[in-house]
Protein chains: 4
Amino acid sequence: MSGNTLGHLFTVTTFGESHGPAIGCVVDGCPPGLALTTADIQAELDRRKPGTSRHVTQRQESDTVEILSGVFEGQTTGAPIGLLIRNEDQRSKDYGNIADTFRPGHADYTYWHKYGIRDHRGGGRSSARLTAPVVAAGAIAKKWLHEKFGTQIRGYMAQLGELPIPFVSWGEVPNNAFFAPNAEILPQLEDYMDALRKDGDSCGARINVVAENIPVGLGEPLFDKLDADIAYAMMGLNAVKGVEIGAGFASVSQKGSEHGDPLTPQGFVGNNAGGVLGGISTGQPITVSIAIKPTSSIRTPRPSIDKQGNPIEVQTFGRHDPCVGIRATPIAESLLALVLIDHALRHRAQCADVRVETPVIPGAIAGSVKP
Amino acid sequence: MSGNTLGHLFTVTTFGESHGPAIGCVVDGCPPGLALTTADIQAELDRRKPGTSRHVTQRQESDTVEILSGVFEGQTTGAPIGLLIRNEDQRSKDYGNIADTFRPGHADYTYWHKYGIRDHRGGGRSSARLTAPVVAAGAIAKKWLHEKFGTQIRGYMAQLGELPIPFVSWGEVPNNAFFAPNAEILPQLEDYMDALRKDGDSCGARINVVAENIPVGLGEPLFDKLDADIAYAMMGLNAVKGVEIGAGFASVSQKGSEHGDPLTPQGFVGNNAGGVLGGISTGQPITVSIAIKPTSSIRTPRPSIDKQGNPIEVQTFGRHDPCVGIRATPIAESLLALVLIDHALRHRAQCADVRVETPVIPGAIAGSVKP
Amino acid sequence: MSGNTLGHLFTVTTFGESHGPAIGCVVDGCPPGLALTTADIQAELDRRKPGTSRHVTQRQESDTVEILSGVFEGQTTGAPIGLLIRNEDQRSKDYGNIADTFRPGHADYTYWHKYGIRDHRGGGRSSARLTAPVVAAGAIAKKWLHEKFGTQIRGYMAQLGELPIPFVSWGEVPNNAFFAPNAEILPQLEDYMDALRKDGDSCGARINVVAENIPVGLGEPLFDKLDADIAYAMMGLNAVKGVEIGAGFASVSQKGSEHGDPLTPQGFVGNNAGGVLGGISTGQPITVSIAIKPTSSIRTPRPSIDKQGNPIEVQTFGRHDPCVGIRATPIAESLLALVLIDHALRHRAQCADVRVETPVIPGAIAGSVKP
Amino acid sequence: MSGNTLGHLFTVTTFGESHGPAIGCVVDGCPPGLALTTADIQAELDRRKPGTSRHVTQRQESDTVEILSGVFEGQTTGAPIGLLIRNEDQRSKDYGNIADTFRPGHADYTYWHKYGIRDHRGGGRSSARLTAPVVAAGAIAKKWLHEKFGTQIRGYMAQLGELPIPFVSWGEVPNNAFFAPNAEILPQLEDYMDALRKDGDSCGARINVVAENIPVGLGEPLFDKLDADIAYAMMGLNAVKGVEIGAGFASVSQKGSEHGDPLTPQGFVGNNAGGVLGGISTGQPITVSIAIKPTSSIRTPRPSIDKQGNPIEVQTFGRHDPCVGIRATPIAESLLALVLIDHALRHRAQCADVRVETPVIPGAIAGSVKP
């Protein structure tokens, strides 16, 4: 139950700090017999890695992953999969002045008071760099889910700071550094980021994630509800301050007659449920939306205190993402994949013998589900 | 790691169905030496119980709790605390037609497909009645937190359907059936609910919860972040579709210079963080907001299917809350208390020896924190 | 991970004290669709209950179990199964003098120092009475294992104090109060116990348990080995001081050429492994042997101290088993069943898709396995 | 709850195979502020490493450990500690013929049937090489326990095959390759091993471990008893077939008046309890004894089957320990340390506020405790 392990049956235990020698994780409980190579994992890591556009941190990391165990002759063996990524670009001197002061909105203050000691270099353990092992583990989960159920998990940026990004098509997402599903809005996004960078400020973002082809029945009824575990995983992603499933906060002002998705022999009509009812998957697409706060490490000077409690003014230099949300899409996808594989294994543990006669209705009828 | 247990060190394992003989829970890991009586628990249960106004279900349950173990001569012993609540008003015949059909927006469909068998009486295990043991357990957590840290956990209704409820004062909350912090708006809320009931429809709600006097340092850094565990607990509450911490979704369009709460020797200025930075409590009030969807059991007829997959029309009679959000406030408070006590115990397990020299700054300077 | 919960997927969370109002447990993770009635559970409880011969405690308890949840129309639903047993014969006054003194060999001393408070009535939480809920839960596990795999789990007394009990036949076991597999030795056992009782003393016992028809492949490779979890469960039974699997301590002086059970197309020859190799079941019978220490509550006076640390002489009156081993057989069987079902579920979670071409060889060839 | 993680609050998650690129572990939950260097860990690894005498495997491994995370400026930070050991001497060709056959007494057979795939090189995941990360993690636990409580954990070989090794003094243990507490018997042990090696056979061993200076109160009352968790950890060590605490199996033939260790104001008299009563530490030395079976990989030919189920004769060449017990002492010490630190953290989580007035009596009066 350590605080650095995600999952119950398919578990990911991570280690590492932003500027230590390496980061990585141990993936345990993976079903044996899954074809797996470094390339499968590297492809996902490359989607998240820094330095790929001027809108993200300029730290240079190849994020090259090494599989240390758990794979034999190209297949998972059921033994734990050790994954290692060496840190290559630790310029610790950039962070010298951070050691004795606290940044508004940053984990500096809480780590110091919790542990009485803090690896301040690049945020140490609290750095978003630690999402790389999560993405690596998520690549394995995604592959298994896809082979087993045909599951497809995709995300996109739905809002950048004050700019909503209307969904146009999934096809655009891989074509830009923002994971935006909309080509026309790209110049606006670029300008917005350029202005921010010039101001030494940062902004938030909203990311949506959708999982399609999910079997009905995943999730535990009372506490480990599928949506509860998704909320847990997503709120655990650095800088996330809000999570919605399906209609989310819009459901507050809906009527029951409007919110409940009707069932027809051809499928559900609508997906206000976001693919989860009573904590258990319906078979419809699972839709999640998350709010990411603006980065706390900015050049703009702000009032704060030092370790002795004296008032000071803080400015943060060094290499930081002006919007951590830009690289969050593959991470959110990975977290969703990790929750889903864990519940898929839990479900078959308890219910492998269940046979129901009712046909599972299709995920949703054409046109009724917005991503 | 069973799906009916909440927590890691202070655990709550619940059992029961809406119309079975009894519901209850086992609370394990409670520190010994806490003065505890049935009355401490009953007081919280009475805040949640049904039948107290015309706006909630008319089911008559006294929700009388019996302490079966773990308390000796008025004090907790450290042994598990068994809590039992007999169901008194099971009119199963009300639900006869539910057995073969699925209600839009209800867990009927998912339970049936997951388990191949379903206790349909009153929603069985998926009923909101199962929140009673959570409230009972939460009463113990609240009491310990209050005695140890002076912690106060309070919630209120912030929106009912389309009606936002401006915060006026905590003093009003216990005076009305809605847990509304605003006396003037009560006639509007009453009228809204009366109209809904007449229409045979239901509505959603937004509930805010605030925990004050929380020590700095609670929460694990990577996966069991304090806010992640809060999101997990809240999203696991029946009908919840969204969770926010601090500024929540509003942080998407904030700038970093605006979002980060400045630190001063007198305290934080503002609380966009909602009392959590990097997954660890700051010492400021923890602020949580949740979206509750409208009840799925309504009299309004809707298209659905039966167990054989045939199209039918569903209407639900029987006794249901037209807005489950009305009774959700004490439940959300309890869940927050349960997460906090668990993390308080986890924190001292690892960090009991930590001594930091920096003074902990006050929660917040006067006027800077809205509930 | 609470200390009163056994198992990972099929979990048993117990509560209660010897002289409180009730004892019981919550069984979570049970596969749905298992036919289950109170009678299934009561039959096992009756094998363990006190007062059935003059050689055990004369406390009168019917140990009547009530199923509170998780069963609907005679079948498990997949929801947690709440089980309740009311205590009926609490004569607390018998134990008055125990409150301020510590019995040599008893948990009195450690509970007091751990918790600073202690329910001393009848041993409180440390009483062997708390094995009743384990037996109740074990009855469910046994039934599922039997229906799923044809598993049969049986135990017997192999030694009573200084008297070894040669194995004659399983048929004798249910015919006597000792669970002895040997009718001829019964008069000796009776005399031995009568002499002990006259002397106000107590004795130990050795119990053997065997599980037959176990699928190959149960157990995790490194830490949750099947034999490790068996050792954990058995050492957790009150008064157990030693656990052996297969050849146990005899394997110390065996040669490798002698210990390793040869494989033949007809099956393993011998079972020094006790049905477990590398922590994973072989398909052979699983054989376990446990050492139970003599009861610590005896009439014989012994030196001890009181709560203030003063030297005193202790004598324990009241109703106690002079050999807790006599009623331990059904408990040890239950614990083995609980470990096996948990691993059966864990195994299919990870490995449900595994298909191997090698035929599973039979458990053992005729005559090669001693119980 | 993955099967490759040990512990609940101080957790060790291991990865790696005998002949893969590396082995290692993630240690999570370590209290912050512990001074820790690679040398602290290396010292323990060197006690376990292969190739140090002619009586153990001749595989050449320096077992050089790298700390990847969790330590900053010489102190633990509270973040997970990643430990990496590269495999240096993988001569996979030695094991070619093992791939298609099963060794009697080896995990070959069970791994194959569980996973349907098996890394056969050097035993893969089932190799005793995987105890190295456990020893590395144990070094951290030992250091913390020593600094916090003055705890000392030591083990020795008590029997080698048929040769009992009378305890003479702790001082001898580090002076010989057997961890024997007796210098005079060394020539006999050497001769015994030389004869075995000549015969191509193997033998078992008994190892005793003692932990001194343990606080009273560690252990959970019902299922996670201290002795239950010790039994679990020890039975999980490769090749262990039996575990005893205190008097162990000898307690079967003891009377209650003999077994219960009397309490006096000066301390307990005797230690039949092995330092644990009711699953909770008494403050006396914790004494554990384990039975290790003979190595299954031997040159002596034995009947077995191949993957197709055909009868064959098996002989195992390559580099194997003829008695895995010889290197088991530091591993058993480490496992005991890991269980103790986990319970020390669990105890203070629940009971940090407990204050009892009774003085804790000394561990044992002079002369009463044999190691």
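These exercises work through a predicted model of a complex, each with a solution in steps.

**Exercise 1. Confidence**

Find the mean pLDDT of chain A, and locate where pLDDT stays under 50.

*Solution.* 
Step 1. Take the average. The mean pLDDT of chain A is 92.
Step 2. In chain A, 96% of the residues reach 70 or more.
Step 3. Over residues 366–370 of chain A, pLDDT stays under 50. The model has 8 contacts beyond four places in sequence for this stretch.
Step 4. Decide how to read it. Where pLDDT is low, the predicted coordinates should not be read in detail.
Step 5. Turn to the complex as a whole. The predictor gives an ipTM of 0.96 and a pTM of 0.97.

**Exercise 2. Symmetry of chains A and B**

Work out which rotation superposes chain A on chain B, and how the two copies are related.

*Solution.* 
Step 1. Read the rotation. It is 180 degrees, with 0.0 Å of shift along its axis. The RMSD of the superposition is 0.0 Å.
Step 2. Draw the conclusion. The two copies are therefore related as by a two-fold rotation axis.
Step 3. In chain A, the C-alpha of A:Tyr232 is nearest to the axis, at 2.3 Å.
Step 4. Compare the contact surfaces. Of the interface residues of chain A, 100% are also interface residues in chain B, so the copies meet through the same surface.

**Exercise 3. The interface of chains C and B**

Describe the interface of chain C and chain B by its residues in contact and its buried area.

*Solution.* 
Step 1. Count residues. On chain C, 40 residues are in contact with 40 residues of chain B.
Step 2. The size of an interface is often given as the accessible area lost when the parts come together.
Step 3. Apply it. Chain C and chain B bury about 3,100 Å² between them. Carbon and sulfur atoms give 64% of that area.
Step 4. Name the main contributors. In chain C, the residues losing the most area to chain B are C:Leu68, C:Phe72 and C:Ile117. Together they account for 20% of what that side buries.

**Exercise 4. Pairs and strands**

Find how many salt bridges cross the interface of chain C and chain B, and which strand of chain C gives the most residues.

*Solution.* 
Step 1. Count the salt bridges. There are 2 across this interface.
Step 2. Look at an example. C:Glu66 forms a salt bridge with B:Arg86, with the closest N and O atoms 2.8 Å apart.
Step 3. Find the strands. Those of chain C supplying at least two residues each include β2 (11–16) and β7 (81–86). β2(C) gives the most, with 5 residues.
Step 4. Sort the residues. The side of chain C that touches chain B has 15 nonpolar, 17 polar and 8 charged residues.

Terms used. Residues numbered from 1 in each chain as written. Chains lettered and ligands numbered in written order. Predicted model: local features only at pLDDT ≥ 70, side-chain atom pairs only at ≥ 80, totals over all residues. Heavy atoms only, no water. pLDDT = per-residue confidence, 0-100. Contact = heavy atoms within 4.5 Å. Least-squares fit on C-alpha atoms with pLDDT ≥ 70 in both. Buried area = accessible area lost by both parts, 1.4 Å probe. Salt bridge = Lys/Arg side-chain N within 4 Å of Asp/Glu carboxyl O. Helix = DSSP H or I, 4+ residues; strand = E, 2+ residues; numbered from the N terminus. Nonpolar A, V, L, I, M, F, W, Y, C, P; charged D, E, K, R; others polar.
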